[in-house]
Structure formats: structure tokens, C-alpha cells
Amino acid sequence: MKLYLITGGAGFIGSNFVKYMLEKYETIQIVVLDDLTYAGNLNTLKAELNDQRLTFVKGNICDQQTVNSLFQDYLIEYVVNFAAESHVDRSIENPQLFLQTNILGTQNLLESAKKAWTTGKDEKGYPTYRKGVKFLQVSTDEVYGSLGESGYFTEKTPLDPRSPYSASKTAADLIVAAYHETYKMPVNITRCSNNYGPYHFPEKLIPLIIKNILERKSLPVYGNGTNVRDWLYVTDHCKAIDLVLHQGKTGEVYNIGGHNEKQNIEIVRIILKTIRQLLEENPEYRTALKNDPKNSGNKSLDWINESLITYVKDRLGHDQRYAIDPTKITDELGWAPETKFEDGIVKTVRWYLENQDWVQKVTSGDYQKYYEEMYGKK
Ligand code: NAD
Ligand code: DAU
């Protein structure tokens, strides 16, 4: 039975990956290591915590003792490193934490894995490793910087990160690549475009817009709303990671993206339309509306329109456009996205309408303070 260490497994993509793997593989053992920062929540793994195949450990990837003892206690074969500080806006406010978690945390995991997996040395002095082990670093298209109106990021695009977040992810990628070159460690790096789907923390564009509409609040669009992101449904990302982990060529980088570029303002308009339609068709969803006192099926939903949009101060150093060329993963591993955006966004909005208790729980802590600090001054 294969044993996976999944770091950041209580966050957005990590938790979707845990669910995906438990569903797909009957005989699997997963250890989740997560420090449960504001972005990680055990409610997200509520059902999985009762599953014998999952062990949850609360701990920091930067903590040498914690990570080393995990490798001593469990015969870990795969490490999938999702754990990170992931929000660009927060990295602009507090870069140091991003360097600590994203760079030093990754190096700490690499070092423990190397120690645990080394079986000896080859004739040139390189470490040799236990058969079948791999370290997969979950990275981002943001390491390539920003595109103009045309072109795509390929795996050969020079690294050109521009925010403290993307700089920290780039540094992590480089240290992973260095462990491969210097110690021949079996690694892969995946670089994915923007994900969306269930369990996305409502500080990121799509879940924040959904939450604000349901609370009848203004919808903050940075700058003029023409920045472009390339959106991928989270399960398609999980499938790609599973493929790379098991079939990816050691040492290689794989870009992941589904050719689904949209301007931010388009995304906001699509969400407005989708929420309104779902509420009209399913009056029971109106309980999700926070400022709909009677929650009555007859009340007009006319207020759900573009007048809620507010253009606010732009993000500092805001990257204009991201777009992934996924040719390599498609040609080499046969990956292709399965969820069309039109379907994925309806599934996502529906999930938020049906899971308001999750939203309440994950935003009950410091979220309010964050929101006021971040948007109060815009
Ligand atoms: P997230 O912020 O939702 O989750 C991060 C998780 O990591 C949380 O559960 C948090 O508690 C945990 N964590 C943070 N610091 C930790 C530490 N020091 N030790 C242990 N756990 C810690 O992030 P996400 O959106 O799920 O992103 C996951 C990974 O995927 C990140 O590495 C991110 O860079 C990458 N990525 C994200 C996207 C996206 O669109 N969200 C796209 C491409 C790549
Ligand atoms: O491209 C992959 C990256 O996608 C990941 O590496 C990051 O972890 C992830 O957070 C995401 O980064 P972005 O900065 O692209 O995502 P975010 O949802 O924060 O913003 C998407 C776009 O929407 C971006 O152009 C900024 C804009 N935006 C965002 C927020 C939160 C707004 O206009 N208003 C907002 O309130």
C-alpha cells in the first residue's frame, strides 16, 4: 500500500486532492501535515477524518523535528507539497512569512525526505534512493511573470516572478530543482494556473465575489478589471498531479492549464448571472442570502446586477495576464481538462449556496479584520 505525505491538505487544493485520492484508490494511506493557518480548516476534511486511511497531523513544514519524526514514524513514499502561503495580496502586506513557509518550509521537507529515502551512494558519490519514492512540488504559473496580449507560458519560459508570493514560489522551485541536480533526488514540479471550485477560501476572487453577492455587498474589482487569469476546475488539477506523480518523468516540470482565459470583470459578471439564475430556479437557496430578511421566494432578485461592482485601487505590481500552454502534459501523459468552465462555475456557485455553514466557519476568525484592513483602504 502506497503512503503519501500531503502537506497543506486542509487548504483549498490540498483538501480536494485528499478527497480525490481517497475516492480513486481504495488501498492508500495518507498522512496530512497542515499547520491550520487561517487558510486551513479541519471542517474541510470532516468526512475524511473518520476514514482509517487518513491520519491528520497538525504541524509546520518548517519544523525540522516534526517533519523528521513523520518520516521516522511512517514509510512515506510520496510527498506532495501543497503547504504554502498562497495569497498574493497578503504577500504584499507581509512578505517575510511567505519566504519562511514557501522557501524554507520546502527545503526542510526536501532535506527530511532525502535523509529518509537515501539507501547509499553510487560510484560518483550521488545518493541512491529507495525505489518508487517521489517529491512533488505544487507550484504556480505565476513564476513565469506576466504576459502581454498574446503568447503562453511553456515550461521553457524564463522565470520572472514579480510579487513576493511568486518570488517565494520561484525560489522554492529552484531549491527543488537543485536537490534533483545536486543529489539526484526524484522530484517533479507542477505549475498550474488559477484553480476554482469547492473549499476555496473567500479571500480569492471567485469565492469572495460569491460571498459578497450573498451578503449584498459591493464587489471589489481591482484596477479596470481587464487582467486575465486562466481558470481550471480544481479536480482537473488534482488529476494532473496524480498523473505526474505516477507517470511524470523524474526531474521534469509540467505546466497545467485548460485554455480558459477570462478577464476578471467577465468572471464577476458570470458569477452575478449564475447566482441569480440558481436562486430563481431554486427558491430554497435563498436561505443563503444574508440580507433577504424574509427569505421569501416571491421577493425580487433584481438587485443582483452589475451595479454591485465597484472598481477599487489596483493591486501593487498587478500581473496583467497569465495563460498556460499545457502541450507537454497533454502529449506526454495524456492529460486534458474534463470540466468546462460553464459547468464548473455552476457547480462551484451551487456548492457555496449549499455550504454556507462551511463559509461561516472558515470566516469566523480573523476574516473580518482582514477584510476591513484589505478593502477598507481601497
Ligand atoms: P491555501 O492557502 O488554500 O492552503 C494552504 C494550506 O497550507 C492551508 O491548509 C494552510 O493551513 C497550510 N499551511 C500554510 N502554511 C503552512 C505551514 N508552514 N506548515 C504546514 N501547513 C501550512 O492554498 P491553495 O490555494 O490550496 O494552494 C495550494 C498550493 O497550490 C500552494 O502551494 C499554491 O502556491 C499552489 N497553487 C495554487 C493555485 C490556486 O489557484 N489556488 C494555483 C497554482 C498553484
Ligand atoms: O495563477 C495561480 C495563482 O492564482 C496561485 O498561485 C495563487 O496561489 C492564487 O491565489 C491565484 O493568484 P491570483 O492573484 O491570480 O488570484 P486572486 O483570486 O487573488 O485574484 C485573481 C484576479 O482577480 C487577480 O487579477 C486580482 C483580481 N482580484 C482579486 C481579488 C481578491 C480582484 O479584482 N478583486 C479582488 O477582491
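Reply: H4 passes H5 in a right-handed crossing, meaning that the near helix is turned clockwise from the far one by less than a right angle. This is a predicted model, in which local features need pLDDT of at least 70, side-chain atom pairs count only at pLDDT 80 or more, and totals for chains, interfaces and linings use all residues. Residues are numbered from 1 along each chain as its sequence is written, chains are lettered from A and ligands numbered from 1 in the order in which they are written, and side-chain values use heavy atoms, with hydrogens and water left out.

Helix H4 covers residues 95–117 and helix H5 residues 164–183; their axes lie 8 Å apart at an angle of about 15°. H4 is therefore roughly parallel to H5 (angles under 35 degrees count as such). The contact (heavy atoms within 4.5 Å) includes Phe 98, Leu 99 and Ile 103 of H4 and Ala 172, Ile 175 and Val 176 of H5. Its residues divide into 13 nonpolar, 4 polar and 3 charged (Ala, Val, Leu, Ile, Met, Phe, Trp, Tyr, Cys and Pro count as nonpolar, Asp, Glu, Lys and Arg as charged, and the others, Gly among them, as polar).

As for the sheet, 7 strands form an open one with parallel pairing, in the order S3-S2-S1-S4-S7-S8-S13 (two strands pair if DSSP finds at least two bridges between them). S3 and S13 stand at the edges with a single partner strand each, so one side of each has no neighbour in the sheet. S1 and S2 pair over 6 bridges. H5 also packs on this sheet, touching S7 and S8.

Technical notes. Axes are lines fitted to C-alpha atoms, for helices over the stretch in contact, and angles run from 0 to 180 degrees between N-to-C directions. Helices (H or I, at least four residues) and strands (E, at least two) are DSSP runs, numbered from the N terminus. Angles under 35 degrees count as roughly parallel, over 145 as roughly antiparallel, 65 to 115 as roughly perpendicular and the rest as oblique.
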